[in-house]
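Subject: Structure handover

Hi,

Please open it alongside the text.

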Amino acid sequence: MRGQAVVVPSRPWTGTAMVLASATGFGSLAILAKVGYASGLGAEQALAFRFLLAAVGMVALAFLVGQNPLRLERTRLTILLAMGVFGYSAQSLTYFLALRTLPASLVVLIAYIYPSLVVAAGWLFLHRAVSAKHMVALVASFVGLAMLVGGAHFQLAWALVLAVASPVIYTAYILVGERVMGSVPALAASAVIITGAALAFCVLAAISNQLALPPTTGGWAVVVGLAVFPTMLAISLFLAGLPRVGAARAALLSTWEPVVTVGLAVALLGDRLSVVQVSGGVLVLLAVVVVQGAQMWRPRAAVGPAED
């Protein structure tokens with residue numbers, strides 16, 4: 001989950017290191033989810049503890065830096081909470097459920113069609129102009145998606161639906177978020193959204209009989225890791241680095257995230273993609289670079305995974 005900040009170009013190398021570290025944290029999400037499944041955690045259980053622990057930490061951090069979430073205007077506070085309860089939780093759940101059976105590398109590459117989806121949605125629903133370069137990027141992104149999905153096994157069809165649903169939901173989340181986040185402190189907004197997601201997953205975990213403490217040390221290590229690395233640290237580092245490098249450069253640097261996930265998945269989980277799928281992944285990432293580099297949209301909603 002990333003946020004918007006006032007751009008103050010200074011200390012670019014420090015900012016670059018922060019954003020790359022943030023992307024590395026976000027890139028660990030799918031790997032930790034896979035390890036969590038192997039340790040016996042359920043999807044709702046892992047997500048409930050991830051967001052519950054992260055909510056406590058992010059609210060404390062927001063208070064520490066003087067961004068009291070309770071001081072937000074009531075309407076915006078309600079909208080941000082709803083974004084967590086419905087939007088971010090739905091995106092996270094579909095992403096995690098897809099990871100039950102699909103390779104982590106495939107899921108994260110599919111998730112990264114979201115920048116192109118945001119451009120397409122902005123054109124269709126908000127009547128934003130789209131340049132020729134963006135049209136090429138859109139075509140490349142969707143051809144890449146077809147190549148990624150086409151290389152997967154048919155028996156994983158439902159998981160593929162969930163994997164594609166995740167960036168679609170995230171697209172709607174971003175379009176709502178960019179209207180809300182413009183005048184809201186990013187850290188306070190992130191704390192509220194994460195709290196909303198925590199509430200949603202606690203309810204879901206209770207309904208599915210998964211609202212129970214992790215039974216093993218390994219399970220605890222995973223949920224703490226999920227709360228710290230791809231959530232609290234990743235968000236905080238992104239917010240700290242953003243004003244130092246600017247939105248455009250931060251967006252480009254964030255494409256390091258899927259590279260980290262694929263690299264870790266190949267090294268640690270034994271993931272293997274076909275030549276067709278690798279080619280599709282390259283097309284998706286190239287499309288991201290074109291779309292992000294052109295600053296098609298300026299505000300960045302609080303999230304991400306691609307979330308992220």
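Start with helix α6, residues 114–125, in this predicted model. Most of α6 is covered, with nine of the 12 residues buried. Those are Y114, P115, S116, L117, V118, V119, A120, A121 and G122. After α6 comes H127, which has a positive phi near 60°.

Now the whole chain. The protein has 13 helices and zero strands. Of its 308 residues, 54% are buried.

Helix α5, residues 104–111, is also mostly covered: eight of its eight residues are buried. They are A104, S105, L106, V107, V108, L109, I110 and A111.

Next, the cores. The largest nonpolar core holds 77 residues. Which members touch the most others? They are F51, L80, Y95, F96, L99 and L102. Helix α9, residues 186–207, gives this core its largest share, 13 residues. There is also a second, separate core of seven residues. A120, L138, A140 and V291 are among them.

Back to L99 in the largest core. Neighbours within four places in sequence aside, L99 contacts A30, A33, K34, Y37, A104 and V107. Two of these, A104 and V107, are among the buried residues of α5.

The axes of α2 (residues 29–38) and α12 (residues 256–269) come within 8 Å. They cross at roughly 30°. On the α2 side, A30, I31 and K34 make the contact. On the α12 side, T261, L264, A265, L268 and L269 do. By class, that contact has six nonpolar, one polar and one charged residues.

- T94 lies in helix α4, residues 74–98. Is T94 buried or exposed? Its relative accessible area is 11%, under the 20% cut-off, so T94 counts as buried. Its C-alpha is 5.4 Å from that of S166, 72 residues away along the chain. Leaving out neighbours within four places in sequence, T94 contacts L162, A165, S166 and I169.

- A137 sits in helix α7, residues 132–150. Its relative accessibility is 3%, so A137 counts as buried too. With neighbours within four places in sequence left aside, A137 contacts S116, A287, V290 and V291. S116 is one of the buried residues of α6, and V291 is part of the second core.

Last, helix α10, residues 217–245. It has 29 residues. From first C-alpha to last it reaches 39 Å, close to the 42 Å expected at 1.5 Å a residue. How much does α10 bend at A234? The bend there is about 35°. Just after α10, G246 takes a positive phi of about 90°.

Best wishes

Notes:
Residues are numbered from 1 along each chain as its sequence is written. This is a predicted model: local features need pLDDT of at least 70, side-chain atom pairs count only at pLDDT 80 or more; totals for chains, interfaces and linings use all residues. Side-chain values use heavy atoms; hydrogens and water are left out. A nonpolar core is a set of buried Ala, Val, Leu, Ile, Met, Phe, Trp, Tyr and Cys residues joined through side-chain atoms within 4.5 Å. Buried means under 20% relative accessible area, exposed over 50%, partly exposed in between (1.4 Å probe, protein chains only). Helices (H or I, at least four residues) and strands (E, at least two) are DSSP runs, numbered from the N terminus. Contact means heavy atoms within 4.5 Å. The expected span of a helix is 1.5 Å times one less than its number of residues. The bend at a residue is the angle between axes fitted to the seven residues ending there and the seven starting there. Axes are lines fitted to C-alpha atoms, for helices over the stretch in contact, and angles run from 0 to 180 degrees between N-to-C directions. Ala, Val, Leu, Ile, Met, Phe, Trp, Tyr, Cys and Pro count as nonpolar, Asp, Glu, Lys and Arg as charged, and the others, Gly among them, as polar.
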